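Please look over the model shown below before reading on.

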There are 2 protein chains.
Amino acid sequence: MKVSQRTEYGIRAMISLARHYDNGPASIKEIATGEGIPGAFLEQIMAELRRGGIVESQRGVNGGYMLSNSPSETSVGTVVEILEGSLSPARCESDCSKMPDCSTRTVLKRIEESITETLDNIYLDELLKVGVHEQ
Amino acid sequence: MKVSQRTEYGIRAMISLARHYDNGPASIKEIATGEGIPGAFLEQIMAELRRGGIVESQRGVNGGYMLSNSPSETSVGTVVEILEGSLSPARCESDCSKMPDCSTRTVLKRIEESITETLDNIYLDELLKVGVHEQ
DNA sequence: CTAAATCCGACTAAATTAGTAAGGTATTAA
DNA sequence: TTAATACCTTACTAATTTAGTCGGATTTAG
């Protein structure tokens with residue numbers, strides 16, 4: 001039930017882009033050094049976020065990444081969904097009929113719904129307001 | 001953000017014990033064959049749940065496992081906490097001061113709180129009422 | 001005594017994670 | 001036009017985690 005390092009980096013990078021909003025694209029290098037993330041690794045992550053449609057890229061000199069939508073329209077849920085594959089903790093296959101109790105599915109489904117709803121309602125702009133080191 | 005197979009087995013086993021409540025201890029073999037879980041693996045899981053205090057064991061012939069408390073007092077949150085180590089998706093160490101933004105921590109903390117609260121409020125007796133294959 | 005069961009620790013194969021590395025492609029400043 | 005910048009893509013690797021397996025010791029009812 002942990003978010004992977006990869007996803008944590010992704011969230012941090014997105015917050016970084018939100019902070020940078022209205023300021024042109026931010027390059028991998030900038031974000032990576034600013035957040036202490038390995039550059040080559042972040043590159044992969046950003047590519048995935050781009051394919052997911054929540055960031056756009058500009059190639060060439062002075063290029064970089066920027067949010068596709070404003071921080072107030074970009075939810076953490078989307079970020080996690082893109083990077084984590086799915087928020088679903090269940091793995092219900094077609095052989096559900098063989099399972100002696102599908103109540104487990106129900107539990108896992110409730111967990112999923114709860115997580116999804118929580119994350120989908122946290123937007124990047126809120127996070128910018130949060131003070132640093134508040135813990 | 002997935003619950004591991006191990007934890008899913010644990011939840012299923014606990015539901016199985018809840019169903020068996022007031023009926024003496026259930027053996028690993030019974031549970032394992034009933035739920036389609038590898039016996040030796042389930043043995044490990046049950047031992048962990050016992051050390052966690054939510055089930056008790058009876059050794060020897062006719063022995064097995066039983067819930068420490070009634071199904072209405074046993075929450076899924078406890079099961080997951082014991083097996084998954086912690087519900088916390090964050091890994092905030094003492095070097096938090098080096099992090100350029102702790103807002104990530106805040107997000108992860110909110111996620112954690114949400115999951116914990118959800119799971120802590122799902123009790124085994126509720127799950128017994130859920131119809132099989134309801135999906 | 002012995003069969004049924006928990007208990008315990010060590011071991012292993014497969015999958016996942018967290019990166020590295022290297023080279024290609026597009027864009028633009030000069 | 002060319003050089004520099006920065007994205008893009010794929011392949012590889014070491015370390016960790018996961019999902020088990022296995023062998024044997026201990027406990028207990030009959």
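## Briefing on the predicted model

From the N terminus on, the elements of chain A follow the order α-α-α-β-β-α-α-α, where helices (H or I, at least four residues) and strands (E, at least two) are DSSP runs numbered from the N terminus. This is a predicted model, in which local features need pLDDT of at least 70 and side-chain atom pairs count only at pLDDT 80 or more, while totals for chains, interfaces and linings use all residues. Residues are numbered from 1 along each chain as its sequence is written, and chains are lettered from A and ligands numbered from 1 in the order in which they are written.

**Chain A as a whole**

- Chain A has 6 helices and 2 strands, and buried residues make up 38% of its 135 residues; a residue is buried if 20 or more other C-beta atoms lie within 10 Å of its own, exposed if 12 or fewer, and partly exposed in between, with C-beta atoms placed from the backbone.
- Among the contacts in chain A between residues at least 6 apart in sequence, 63% join residues at least 24 apart, a contact being a pair of residues whose C-beta atoms, placed from the backbone, lie within 7 Å.

**The hairpins**

- In chain A, strand β1 (residues 55–58) pairs with β2(A) in the antiparallel sense over 4 bridges, and A:S57 has A:Y65 as its bridge partner in β2(A); two strands pair if DSSP finds at least two bridges between them.
- The hairpin of β1(A) and β2(A) has 5 residues between the strands, and A:G60 in the turn has a positive phi of about 80°.
- In chain B, strands β1 (residues 55–58) and β2 (residues 64–67) likewise pair in the antiparallel sense over 4 bridges, with B:Q58 opposite B:G64 and B:V55 opposite B:L67.
- The hairpin of β1(B) and β2(B) also has 5 residues between the strands, and B:G60 takes a positive phi near 80°.
- Most residues other than glycine have a negative phi.
- A:N62, although not a glycine, has a positive phi of about 60°; this residue sits in the loop between β1 and β2 of chain A and is exposed, because 8 other C-beta atoms lie within 10 Å.
- B:N62, which is not a glycine either, has a positive phi of about 65°; B:N62 lies in the loop between β1 and β2 of chain B and counts as exposed, with 8 C-beta neighbours inside 10 Å.

**Surfaces near the DNA strands**

- DNA strand C is surrounded by 25 residues, the closest being A:S4, A:Q5, A:G60, B:I28 and B:S57, where a residue is near a molecule or strand if its C-beta atom, placed from the backbone, lies within 6 Å of it.
- Two or more residues of that surface come from each of α1 (5–19) and α3 (39–51) of chain A and α2 (28–35), α3 (39–51) and β2 of chain B.
- By class, the surface near DNA strand C has 8 nonpolar, 11 polar and 6 charged residues, with Ala, Val, Leu, Ile, Met, Phe, Trp, Tyr, Cys and Pro counted as nonpolar, Asp, Glu, Lys and Arg as charged, and the others, Gly among them, as polar.
- DNA strand D is surrounded by 26 residues, the closest being A:I28, B:S4, B:Q5, B:P38 and B:G60.
- The surface near DNA strand D divides into 8 nonpolar, 12 polar and 6 charged residues, and its largest share, 4 residues, comes from α3(A).

**Helices and a residue of α3(A)**

- α1(B) and α3(B) pack at an angle of about 70° with their axes 10 Å apart, the axes being lines fitted to C-alpha atoms, for helices over the stretch in contact, and angles running from 0 to 180 degrees between N-to-C directions.
- That angle makes α1(B) roughly perpendicular to α3(B), since angles of 65 to 115 degrees count as roughly perpendicular, those under 35 as roughly parallel, those over 145 as roughly antiparallel and the rest as oblique.
- The contact is made by B:R6, B:Y9, B:G10 and B:A13 of α1(B) and by B:L42, B:I45, B:M46 and B:L49 of α3(B).
- Helix α4 (residues 76–84) of chain B is largely enclosed by the rest of the structure, because 7 of its 9 residues are buried; B:G85, with a positive phi near 85°, follows α4(B).
- A:E48 is found in helix α3 of chain A and counts as partly exposed, with 14 C-beta neighbours inside 10 Å; leaving aside neighbours within four places in sequence, A:E48 is in contact with A:I82 and A:L83.

Key: Two residues are in contact if their C-beta atoms, placed from the backbone, lie within 7 Å.
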